Amino acid sequence: MRQTLLGALIISAAAAAGLAVEAQSEFSGERFKAHVTFLADDFLEGRQAGTRGHEIAARYIASQFALLGVRPGAAAGGYFEKVNLQEARPTGASPTLMITGPGGTHAMKQREAAMISGPVTGGAVRLNAPLVFVGYGMKDATVGFDDYEGLDVRGKIAVVLWGSPKDMDSEVGAHLMHEQNRFGAEHGALGMIFLLTHATSTAFTWDQVVQFRSDPLTTWIRSD
């Protein structure tokens, strides 16, 4: 009973504090920092989709939406919409990448010069196709950006810069980087090769890239 009462008191106190926050419509650097500090805390364990930390972060953001008066838009009437996720991780023998050009054939060893992954649907793949450089491999009519304009990548492997243009808003760039694979697939590419730019190789060491690409990949399952 004591725990129940304490919980009720905390919720009541938080609700009262929320009313004060809602009344302040102006932007506050301190409030912004407080939100980021909580969401970036190690307690949330990286907020990987489907984990406990992700659920905590989602509920925290939903509570802030409620304080701001943002109306929920999910089908069930709340802030949360269930989606089907799929997790994929490397299995089996170590993959290899062979690139043939005017200078001959070069072997790119896994974890040494390349990080190779197969389709999230699983299965062994043997792919032999020409390469087409597509810049950043991004497409967004809103910002007037289309790296695929005038290029034909159908049945080929798209070579993409892993990063975003310097003059692009960082939030927009981060979103479009997340969609690079999808853009390639929509244009008929059979595979993607990502090249580190000067900016990304400065921000991330090769060991960090290897660790990042070794982690399980989580993506949502589309209708197709």
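Me: Glu55 and Arg59 in helix 3: what separates them?

Reply: About one helical turn, because Glu55 and Arg59 are four residues apart in helix 3. Helices here are DSSP runs of H or I with at least four residues, and strands are runs of E with at least two, both numbered from the N terminus.

Me: What am I looking at, and how are residues numbered?

Reply: This is a predicted model, in which local features need pLDDT of at least 70, side-chain atom pairs count only at pLDDT 80 or more, and totals for chains, interfaces and linings use all residues. Residues are numbered from 1 along each chain as its sequence is written, and side-chain values use heavy atoms, with hydrogens and water left out.

Me: Back to Glu55. What does it form with Arg59?

Reply: A salt bridge, with the closest N and O atoms 2.6 Å apart. The term means a side-chain nitrogen of Lys or Arg within 4 Å of a carboxyl oxygen of Asp or Glu.

Me: Is Arg59 buried, exposed or partly exposed?

Reply: Arg59 counts as partly exposed because its relative accessibility is 47%. Glu55 is also partly exposed, at 36%. Buried means under 20% relative accessible area, exposed means over 50%, and partly exposed lies in between (1.4 Å probe, protein chains only).

Me: What does the charged end of Arg59 sit over?

Reply: The ring of Phe80, 5.2 Å from its centre. That label needs NZ of Lys or CZ of Arg within 6 Å of the ring centre and within 35 degrees of the ring normal.

Me: Which residues make the nonpolar surface patch?

Reply: Ile61, Phe65, Leu68, Val70, Tyr79 and Phe80 make a patch of about 520 Å². Patch residues have over 30% relative accessible area and no salt bridge; like charges are joined within 9 Å, and nonpolar side chains (Val, Leu, Ile, Met, Phe, Trp, Tyr) within 5 Å. Areas come from the Shrake-Rupley method with a 1.4 Å probe, and for residues only the protein chains shown count as cover.

Me: Where is Phe65?

Reply: In helix 3, which covers residues 52-68. Phe65 is partly exposed, with a relative accessible area of 36%.

Me: New topic. How many aromatic pairs are there?

Reply: Five, from a search of the whole structure. Rings of Phe, Tyr and Trp (its six-membered ring) pair if their centres lie within 6.5 Å; planes under 30 degrees apart count as stacked, over 60 as edge-to-face and the rest as tilted. Phe38 and Tyr60 form a tilted pair, 4.5 Å centre to centre with 35° between the planes. That pair links distant parts of the chain: Phe38 is in helix 2 (residues 29-39) and Tyr60 in helix 3, 22 residues apart.

Me: And the rings of Phe65 and Tyr79? What is that pair?

Reply: It is tilted, because the centres are 6.1 Å apart and the planes are at 45°. Phe65 lies in helix 3 and Tyr79 in the loop between helix 3 and strand 1 (85-88), so the pair ties together parts 14 residues apart in sequence. Tyr79 is partly exposed, at 31% relative accessibility.

Me: Which residues do ring pairs link into a cluster?

Reply: Trp162, Phe204 and Phe212.

Me: What does Thr197 touch?

Reply: Tyr136, Leu161 and Trp162, leaving aside residues up to four places away in sequence. Contact means heavy atoms within 4.5 Å. Thr197 sits in the loop between strand 8 (191-196) and helix 6 (198-203). Thr197 counts as buried because its relative accessibility is 15%.

Me: What about Pro165: buried or exposed?

Reply: Pro165 is buried, with a relative accessible area of 9%. Its place is the loop between strand 7 (157-162) and helix 4 (170-178). Pro165 touches Tyr136, Met138 and Phe145, not counting residues up to four places away in sequence. The C-alpha atoms of Pro165 and Met138 are 9.9 Å apart, and the two residues are 27 apart along the chain.

Me: Which residues are linked in a network of salt bridges?

Reply: Glu179, Arg182 and Glu186. Between Glu179 and Arg182, the closest N and O atoms are 2.4 Å apart. Glu179 is buried, at 6%, while Arg182 is partly exposed, at 27%.

Me: Last one. How many helices and strands does the chain have?

Reply: Seven helices and nine strands. Buried residues make up 20% of the 224 in the chain.
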